[in-house]
Amino acid sequence: NWRRYTMFINDGDTVCIVGGGPGGSACAMVLLQEARKLDRKIRVVLIEHKIFSEHRHYNQCIGVLSPPFEDILKNDLDLTLPDNLVLDNMEGYCLHSDLLSLDLVGKELGRSVSVTRSNFDAFMLEEARKAGAEIIHNRVTAIEVNSDGVVIYTEGDNFKSAVVVGAFGLDDGTCRIFEQGTPYCQPDFLNTVITRLYPGKEFMQSMGSTIHAFLLSHPGLEFGAVTPKGEHISINIAGRKVSSHIMMEFLRSAPVQRFLPPHQRREKPLNYFKGKFPIAPARNLFGDRYVTIGDAAGLMRPFKGKGINSAIITGIYSARSIMRHGVSKQAFAQNFYQDCSELTEDLPYGRGVRILTNLATRFKFMDHMIAIAAERPDFMHALFGSVSGHDPYKKIIMETASLSLAFTFAQKILGHFVFRQEAHLPIKSVSPTA
């Protein structure tokens, strides 16, 4: 009974959150909401070493908020995204292979917008402060998880907490600190390289507000994207061993060259940013008196991102689980992890799609897949759902799989390997069949 009592959040307890991004800020706000509902007074300490408003740190996230982000902000956090944070209203998606391009057609319930991540993170952190969270700008140096609480060491003050929430993304230093202080082990991940180009106002207007996704047959590259964002273009690539050299090959490839201004097509970008994002859940992502959320937990839409939404959602779920059910490993398993089932149940389907996509690019079959999508609305909607992240992979596969589509793929595969020609063909756009 004593252990059960201490594994619940009581009056006067402290909850520490390590990481002040959208997930950590959302967790702080909901912790305080739940405390008021339960008529408890708690202290929420949010530790973040970055000062987002100073714009001194680059976030690897491209910064596109997609549906249902507005519903999440309004319904769960009582927030509305300020208009001054929106750089562009994204108009759609275009998928590119080595030789073909296709504007993806589908129904997206709600709008997608691009934001500057530092500005969005600063907004969320300020809302957490307004809600009553104590913001500490410092770096965590160690944690100790004991039967009666958690000690969080920083470069400044130390904190005694009833539970610690890890919202630190895949920051190498903090990952190691959690691995040393808990059974946690960071998730499997892909590396990313990101750069920016500033082509001028006239070129940005001509480019429009379409997100361009690239599935090319370059060794070491799993996918890339070109995203217009206000006055600049953000370009990102991902793969196990991506580097600045692979980024340059990507920029010099014919499919990408069409979206770069002429005077910058052969120039080396001034800055590269290296990062990573998870492709599987972390091992032991929660336990007695600790829980991780967002990228740190590896809980995000597999192979297609929506990391901001996932971070906020898992932050909300973790806060509710802590306040309503306690901070034991069993409580997190039965409540927090169960609440995340929409993400976790889609993982095997996402892994399968990733394997098939990598095989298609490796054997240069992606051109045929885009051609099929132009001819068949069912496969077009599947690609739209995959690229936009609007639907779970399980739903996409169940709604798309059919004998006729399988037969179409079999014909294309046979023709590809039997009659494949190696001649260099011009890149062209294909249009969906009416």
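This is a predicted model: local features need pLDDT of at least 70, side-chain atom pairs count only at pLDDT 80 or more; totals for chains, interfaces and linings use all residues.
Residues are numbered from 1 along each chain as its sequence is written, and side-chain values use heavy atoms, with hydrogens and water left out.

**The nonpolar cores**

Let's start on the inside. A nonpolar core here is a set of buried Ala, Val, Leu, Ile, Met, Phe, Trp, Tyr and Cys residues joined through side-chain atoms within 4.5 Å. Buried means under 20% relative accessible area, exposed means over 50%, and partly exposed is in between, using a 1.4 Å probe and protein chains only. In soluble globular proteins, nonpolar side chains tend to be buried together.

The largest nonpolar core has 74 residues, and those with the most contacts inside it are Leu31, Leu77, Leu81, Phe120, Met124, Ile312 and Ile322. Helix H2 (residues 22-37) is the biggest giver to this core, with eight residues. (Helices, H or I with at least four residues, and strands, E with at least two, are DSSP runs numbered from the N terminus.) There is also a second, separate core of 35 residues, and Phe365, Met369, Leu383 and Val430 are among its members.

Who sits around Leu31? Not counting residues up to four places away in sequence, Leu31 touches Val15, Ile17, Ile42, Val44, Ala319, Ile322 and Met323, where contact means heavy atoms within 4.5 Å.

**Helix H2 up close**

H2 has 16 residues and reaches 23 Å from its first C-alpha to its last, close to the expected 22 Å. That expected span is 1.5 Å times one less than the number of residues in the helix. Because 13 of the 16 residues of H2 are buried, this helix is largely enclosed by the rest of the structure. After H2 comes Asp39, with a positive phi near 60°.

**Charged pairs**

The structure holds 13 salt bridges, each being a side-chain nitrogen of Lys or Arg within 4 Å of a carboxyl oxygen of Asp or Glu. Here are three of them:

| Pair | N to O distance | Relative accessible area |
|---|---|---|
| Glu34 and Lys37 | 3.6 Å | Glu34 3%, Lys37 62% |
| Glu126 and Arg129 | 2.4 Å | Glu126 29%, Arg129 44% |
| Asp172 and Lys276 | 2.4 Å | Asp172 40%, Lys276 11% |

Lys37 and Glu34 are both in helix H2, three residues apart, or about one turn. Glu34 counts as buried, whereas Lys37 counts as exposed. Together with Arg324, Glu34 and Lys37 are linked in a network of salt bridges.

Glu126 and Arg129 are separated by about one helical turn because they are three residues apart in helix H4 (residues 117-131). Glu126 is partly exposed, and Arg129 is partly exposed too.

What about Asp172 and Lys276? Their salt bridge has its closest N and O atoms 2.4 Å apart. Asp172 lies in helix H5 (residues 172-181) and Lys276 in strand E17 (residues 272-278), so the pair ties together parts that are 104 residues apart in sequence.

**One more residue**

Phe223 lies in strand E15 (residues 223-229), and counts as buried at 17% relative accessibility. Its C-alpha is separated by 23 Å from that of Gln186, and Phe223 and Gln186 are 37 residues apart along the chain.
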